[in-house]
Amino acid sequence: MAKDKKVIGIVCERSVDLTDQLDSNGYLKDNPNVKIVTVPCSGHIQPIMMETALKKGACGTFATGCRMGDCHYREGNKFLRERLLGTRMPKLKPTVDKRRVQAYWLSAVEYEKFKDLIHQFDESLDTLGCPEG
Amino acid sequence: MYTQLIGSLQKNVVLPLEKVANKVFTQSYNPFYYHGALPNFFIWVLFISGLLLFAYYTPTLERAYNTLSYITHELPFGNAIRSMHRYASDGMMIFVMLHMLRVWFTDRYREYRILPWLTGVILLSITFTIGLSGYMMIWDQEAVTLTYITANFLKQFPVIGPSLSSLLLGGELVSDFTLTRLLFLHLGIPLLLMFFLWMHYLRITRPVTDPPLALNLVLLGGLFLFCGVFPVSLGDRPNLQLVSPTLDLSFLYAWPQYLITQGWSTGVVWLLVLGVPVGLLILPYIQKKALRGQFAQVLDSSCTGCSLCYHDCPYEAITMVDRNDPTSRFKRLAIVDPGRCANCGLCVGACAFKAIEIPRRDSQDVLKEIEMALNS
């Protein structure tokens, strides 16, 4: 099961620092089924990226941004949150299973917390079950 | 090396501090996330308490001290208002400097943020001038001594020194005009403050101008407490022939005068007074631009003119113009101002039509990367 379960994380490069936590293919060392894709700011993330990840067979997808109020580009994380919650255009499709979409707001020095949150998310996906890869 | 120093300061000092603050205040009320708005709280306190003080202040040699004495000793709550005004001025300077240090250490002061930084340095100088003139307006023996030291300090400047001194004093010697000048500095310069504050916010969409109510109340409570425990006092009635033997100068506003009383030479202090702001003004230029010549690119054929990116751009770098193209179905078109663009990609996230991209990270590449990971 674990082999087929894939989680896509789209992370802001200024948010939680993952430079030493990735293997050469961009997977998390502590959680090898999590693929990390880096973007300059969480505001760069289009909801369609997360929708695509789920449509193409990912079990879950998450985004990280800086702490609310501390976005380097001022409002990126706020906008992403509003897009995921459906109050700002372009919105996440309402038909998307919200249990498989997460967003975390963490600063660059909070890897430990990030690890815990990803672990929790991973476990919640296990109980939901994943599509056959 | 400088870039690494700033980077390590952010990682080892600023972010851990904020992590602690997040635990204490929670994310929504973390004062670090309102560093730019907090000085505005003090501006309001200073404005309101200043109005009350202004109602009683008379700027003449004979009566300035009397009015101060009346406010301090007889007017109900007069000394409380005076204390508020005094401590809010200290708070203003402290929070403005913290604001400056934070944007400096988190590398948010150059390139597309150059206008807020440059106007910020000017605002800092203006705040300093207003505060210093306020200390002289008290017009007790210490304030008169401070005025003498300042006038003498101005006089030492080459060539235009004597004119500077007489500009401050309103003549060769201290007279009624001196107090009018001080009142002008204290009430007229704040108009400049408002003007530059406007420029400070000019290129920032939706600036955070007010701290949350809870933080305001905590600050106000702290200020009340401070005024209650340490009410300000008034010195002796001034004798213009004498200088005060003791001088308790606020280092925030009177540091040049403080350094002079510590025996520093006037030349060195002048170098500091001019060098610090000039140094701060050239600071953003010593680092090379990280993404020289890059800015968001609009794909004209895909742009529908929906203005989502225009509304979401946090630096007002995008404007909507008429397309003037009869072959197109759409009337409007987004264009990007290269000088204001931060390459942050917030417009990419806002665009539902794949019509705007930043060169350093194409949204189609992100999608491809996701698909590849899932197909393998």
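The chat below goes through chain A, then some residues of chain B.

Me: What kind of model is this, and how are things numbered?
Reply: It is a predicted model: local features need pLDDT of at least 70, side-chain atom pairs count only at pLDDT 80 or more, and totals for chains, interfaces and linings use all residues. Residues are numbered from 1 along each chain as its sequence is written, chains are lettered from A and ligands numbered from 1 in the order in which they are written, and side-chain values use heavy atoms, with hydrogens and water left out.

Me: How many helices and strands in chain A?
Reply: Chain A has 3 helices and 4 strands. Helices (H or I, at least four residues) and strands (E, at least two) are DSSP runs, numbered from the N terminus.

Me: Which pattern do they follow?
Reply: Along the sequence, chain A reads β-β-α-β-α-β-α.

Me: What is its radius of gyration?
Reply: Chain A has 14 Å, which agrees with the value near 14 Å for a compact globule of 133 residues. The radius is taken over C-alpha atoms, and the globule rule is 2.2 Å times the number of residues to the power 0.38. The C-alpha atoms fill a box of roughly 40 × 35 × 20 Å along the principal axes.

Me: And what share of chain A is buried?
Reply: Buried residues are 56% of the 133. Buried means under 20% relative accessible area, exposed over 50%, partly exposed in between (1.4 Å probe, protein chains only).

Me: What about contacts at least 24 apart in chain A?
Reply: Of the contacts between residues at least 6 apart in sequence, 72% join residues at least 24 apart. Contact means heavy atoms within 4.5 Å.

Me: Where is A:Gly26?
Reply: A:Gly26 sits in the loop between strand 1 (7-12) and strand 2 (34-39) of chain A. A:Gly26 is buried, at 11% relative accessible area. Setting aside neighbours within four places in sequence, A:Gly26 contacts A:Val34, A:Lys35 and A:Ile36.

Me: Switching to chain B. Is B:Arg361 buried or exposed?
Reply: B:Arg361 counts as buried, because its relative accessibility is 15%. B:Arg361 is in the loop between strand 4 (356-357) and helix 14 (363-375) of chain B.

Me: What does B:Arg361 touch?
Reply: Not counting residues up to four places away in sequence, B:Arg361 touches A:Val37, A:Thr38, A:Val39, A:Pro40, A:His44, B:Val366 and B:Glu369. Its side chain makes a polar contact with the side chain of B:Glu369 (3.1 Å). A polar contact is a pair of N or O atoms within 3.5 Å; within protein, one must be able to donate a hydrogen and the other to accept it, and residues adjacent in sequence count only if both atoms are side-chain atoms.

Me: Now helix 10 of chain B. What do its buried residues pack against?
Reply: They pack against helix 4 (78-105), helix 5 (114-137), helix 6 (141-155) and helix 11 (266-282) of chain B. Those buried residues are B:Tyr253, B:Ala254, B:Pro256, B:Gln257 and B:Leu259. Just after helix 10, B:Gly263 takes a positive phi of about 95°.

Me: What about positive phi outside glycine?
Reply: B:Asn324 has one, about 55°. B:Asn324 is exposed, with a relative accessible area of 72%.
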